[in-house]
Amino acid sequence: MIFKTERLILRPWKESDAECLYHFAKNTKIGPIAGWPPHKSVEESLEIIRTVFAKRETYAITMNRNAIGCVGLLFYPDTNHYWEDEGVELGYWIGEEYWGQGLVVEACREIVNHAFEDLNIDKIHASCRYDNHQSKRVLEKLGFKYYCDLKNIDYSGKEIREMAMFLEK
């Protein structure tokens with residue numbers, strides 16, 4: 001599927017997006033705050049497109065035909081999760097150059113509407129680190145409410161961090 005918003009096109013990832021993905025995903029301000037390591041090469045970004053971003057309901061956030069971020073829904077039991085009940089998890093990120101423009105909210109709003117209207121999803125979960133104020137603000141703008149705290153281990157397997165979980169019904 002392809003979704004069009006006022007400023008964005010959300011579409012499936014393509015292998016040809018690997019260089020754009022690497023450009024943004026190598027930034028140490030992007031991945032670690034979201035729980036994944038910065039990419040080390042275009043080849044690594046290509047592998048992420050072929051595996052992680054190839055999952056259903058995962059979309060490139062594009063502007064002027066270039067991938068600038070990602071938004072998607074994680075379905076269970078496809079992945080490990082913290083949620084005790086049914087539903088999907090909303091995930092998102094956008095390149096630093098595009099922060100503060102409301103683009104992630106715009107993209108997420110489109111995917112949230114799609115989940116409820118087209119996929120008949122009744123619950124959408126999301127989480128963010130307490131120190132990720134931007135992500136928390138995105139969730140608040142989307143109408144997500146605080147659900148509970150949880151402890152998580154980041155991608156390095158060493159750091160335990162507190163996360164807030166949000167739930168929208």
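Visitor: Which side chain meets that of Glu106 in a salt bridge?

Guide: This is a predicted model, in which local features need pLDDT of at least 70, side-chain atom pairs count only at pLDDT 80 or more, and totals for chains, interfaces and linings use all residues. Residues are numbered from 1 along each chain as its sequence is written, and side-chain values use heavy atoms, with hydrogens and water left out. A salt bridge here is a side-chain nitrogen of Lys or Arg within 4 Å of a carboxyl oxygen of Asp or Glu. At 2.7 Å, N to O, the partner of Glu106 is Arg7.

Visitor: How many residues apart are Glu106 and Arg7?

Guide: Helices (H or I, at least four residues) and strands (E, at least two) are DSSP runs, numbered from the N terminus. Glu106 lies in helix 4 (residues 103–117), while Arg7 sits in the loop between strand 1 (3–4) and strand 2 (9–11). The pair links distant parts of the chain, and the two are 99 residues apart.

Visitor: Is Glu106 buried or exposed?

Guide: Buried means under 20% relative accessible area, exposed over 50%, and partly exposed in between (1.4 Å probe, protein chains only). Glu106 has 14% relative accessibility, so Glu106 counts as buried.

Visitor: What is the relative accessible area of Arg129, which forms a salt bridge with Asp131?

Guide: The closest N and O atoms of Asp131 and Arg129 are 3.0 Å apart. Asp131 is partly exposed, with a relative accessible area of 41%. Arg129 is buried, and its value is 12%.

Visitor: How many salt bridges does the structure hold?

Guide: The pairs discussed include Glu106 with Arg7 and Asp131 with Arg129. For the structure, the count is seven.

Visitor: In what order do the elements of the chain run from the N terminus on?

Guide: The secondary structure comes to five helices and eight strands. Read from the N terminus, the order is β-β-α-α-α-β-β-β-α-β-α-β-β.

Visitor: What percentage of the residues of the chain count as buried?

Guide: The chain has 169 residues. Those that count as buried come to 46%.
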